[in-house]
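The sequence and structure come next.

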Amino acid sequence: MVFKILTIVLLLPPAIHFTLKFIKHKSLYPFMPFKYNFRRRRITFAKTLKLLDERHVKMIIETGTSREGLKNTKGDGAATFVFGKWAQQNNAKMHSVDINEDSVKGAQNEINKQNLNDTITVHLSDSLEFLKTFENTVDFLYLDSYDYSKTDVDIQIKSQEHHLKEFKLIENKLHDNSIVLIDDCGLPGGGKGKTVVEYMLKKDWKVLIDAYQILLVKK
Ligand SMILES: C[S@@+](CC[C@H](N)C(=O)[O-])C[C@H]1O[C@@H](n2cnc3c(N)ncnc32)[C@H](O)[C@@H]1O
């Protein structure tokens, strides 16, 4: 009896630890292999993937590319490869733009590895320059460039203003069925989306999900 109790007491902490780890693991399975943990972005990624299906999206733009390929699903999100995979399966195209050469190299390596070259084009450019000259209609816009800071208010404002500028430059290429997702919003100071979402809400946009990311569609 004592032995049984001792065994239970000894096994309990690892079992609890394992259960908690399992609960915290937010996968997009079966769309993405189970091993990838999308954590705080799972809910918005899942809803966005559903909308991409429903709205027959053909053109995707992402600002700020997945610099670590598929390695950082928990931290950065790896959106290039989530939405890029969807695009490949649905005969859509994706353009991902980044100002940093290493980020572009990191994304390109994964694009090669996943055979996504016919679907995703990664551009080395300031997102504002890229968006200014983009000529096609955009069905899904993902804003995730200028890195945000949890503590530095100056960086927070610069990041928020940058994302607003991005939106304004591509706004006239969006249409009634377009989808906009903004990353890193649930952070001190309002995150990347604060200023651009305020702007969008004064226009004809509404928030579908306001979580760590903010997902918007037209009213
Ligand atoms: C958080 S990461 C993007 C993560 C990626 N969207 C993902 O889901 O994995 C932010 C990226 O934005 C890029 N960036 C910062 N300022 C930029 C700008 N002005 N134009 C384009 N990219 C920029 C950085 O170089 C960095 O690679």
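Is Trp205 buried or exposed? Trp205 is buried, with a relative accessible area of 2%, where buried means under 20% relative accessible area, exposed over 50% and partly exposed in between, for a 1.4 Å probe and protein chains only.

## Basis of the values

This is a predicted model, in which local features need pLDDT of at least 70 and side-chain atom pairs count only at pLDDT 80 or more, while totals for chains, interfaces and linings use all residues. Residues are numbered from 1 along each chain as its sequence is written, and side-chain values use heavy atoms, with hydrogens and water left out.

## Aromatic pairs

Ten aromatic pairs are found in a search of the whole structure; rings of Phe, Tyr and Trp (its six-membered ring) pair if their centres lie within 6.5 Å, and planes under 30 degrees apart count as stacked, over 60 as edge-to-face and the rest as tilted. Phe45 and Phe83 have ring centres 5.1 Å apart and planes at 70°, so this pair is edge-to-face. It links distant parts of the chain, with Phe45 in helix H2 (residues 42-54) and Phe83 in helix H3 (residues 79-89), 38 residues apart; helices (H or I, at least four residues) and strands (E, at least two) are DSSP runs, numbered from the N terminus. Phe45 is buried at a relative accessible area of 0%, and Phe83 is buried with a value of 0%.

For Phe167 and Trp205, the ring centres are 6.0 Å apart and the planes stand at 80°, so the pair is edge-to-face. This pair also links distant parts of the chain, namely Phe167 in helix H6 (residues 153-170) and Trp205 in strand S6 (residues 205-210), 38 residues apart. Phe167 is buried, its relative accessible area being 0%.

## Aromatic cluster

One aromatic cluster is formed by Phe38, Phe45, Phe83, Phe140 and Tyr142.

## Packing of H6 and H7

The axes of H6 and helix H7 (residues 194-202) come within 6 Å and cross at roughly 40°, the axes being lines fitted to C-alpha atoms over the stretch in contact, with angles from 0 to 180 degrees between N-to-C directions.

On the H6 side, Gln160, His163, Leu164, Phe167 and Lys168 meet Lys194, Thr195, Val196, Tyr199 and Met200 in H7, contact meaning heavy atoms within 4.5 Å.
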